Amino acid sequence: MTQDELKQAVARAAIDYVVDGEIIGVGTGSTANYFIDELAKIKDRIKGAVASSEATAARLRGHGIEVRDLNEVESISVYVDGADEIDASGAMIKGGGAALTREKIVASVSKSFVCIADGSKLVQTLGKFPLPVEVVPMARAAVTRKLAALGGQPRLRTKPGSDEAFVTDNGGHIIDVAGLAITDPVALETEINQIVGVIAVGLFAQRGANVCLLGMAEGVKTLT
Ligand code: 5RP
């Protein structure tokens, strides 16, 4: 099976976690896009969706799924999203698609987080994938120095094919920190959250995944 077929398989499996008559939180990225395509097939069973990015909102609307403003929603039963890395405890690195802040917000108000990923995303220790940190643009250099002091190699994310800083849906910039072996994800998430100028860090450990559906050659494996 190709990586895309594995992503499609977990996207299909995640439909079993959708609660009828409720609002669904929807993540960002290629795996989340496959989930949106599956969700479209059962759209009459849900009340609507809260999107974690403008791109996800556009894809949901394109399928005729109502996109709700999080400020008008009291609770979300389940949040479905991909990950760049996930460990056996459900801690993840996210933000490869630059949507980490909104992903974290939607996940934080959801009762359950279902992570969908192809099997290559499962790791023993997080950190081979550079850790994304969204920052307020004026604090970029100051935050970069603090991230370097933690032992990583921070690098500003730029627009494809350009030296200009990439700008997120929130008007933030992203610093990707390579070279971290994250042995205590909760502690590192707490430490980076405390750096002034950080909007959000793409470590999802304090609130990790409740369920992970992993696409493997032999089928979808469920980690809880
Ligand atoms: C976006 C994310 C994505 O979930 C992550 O990058 C995985 O993406 P994909 O499903 O394309 O592999 O965190 O900000």
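This is a predicted model: local features need pLDDT of at least 70, side-chain atom pairs count only at pLDDT 80 or more; totals for chains, interfaces and linings use all residues.

Biologist: What is the mean pLDDT of the chain?

Modeller: pLDDT is the predictor's confidence in each residue, from 0 to 100. Here the chain has a mean of 97, and 100% of its residues reach 70 or more. The model scores are ipTM 0.98 and pTM 0.94.

Biologist: How many residues surround the ligand?

Modeller: A residue counts if its C-beta atom, placed from the backbone, lies within 6 Å of the molecule. The shell has 18 residues, the closest being G29, T31, G82, G96 and G97. Two or more residues come from each of α2 (30-41) and α4 (100-108), and α2 gives the largest share, three residues. Helices are DSSP runs of H or I with at least four residues, and strands are E runs of at least two, numbered from the N terminus.

Biologist: Which residues does F35 contact, sequence neighbours within four places aside?

Modeller: Contact requires C-beta atoms, placed from the backbone, within 7 Å. F35 meets A11, A14, V26, V80 and I116.

Biologist: Where is A98 found, and what is its phi?

Modeller: Most residues other than glycine have a negative phi. A98, not a glycine, has a positive phi of about 75°, and is found in the loop between β5 (92-93) and α4.

How values were computed. Residues are numbered from 1 along each chain as its sequence is written. Two residues are in contact if their C-beta atoms, placed from the backbone, lie within 7 Å.
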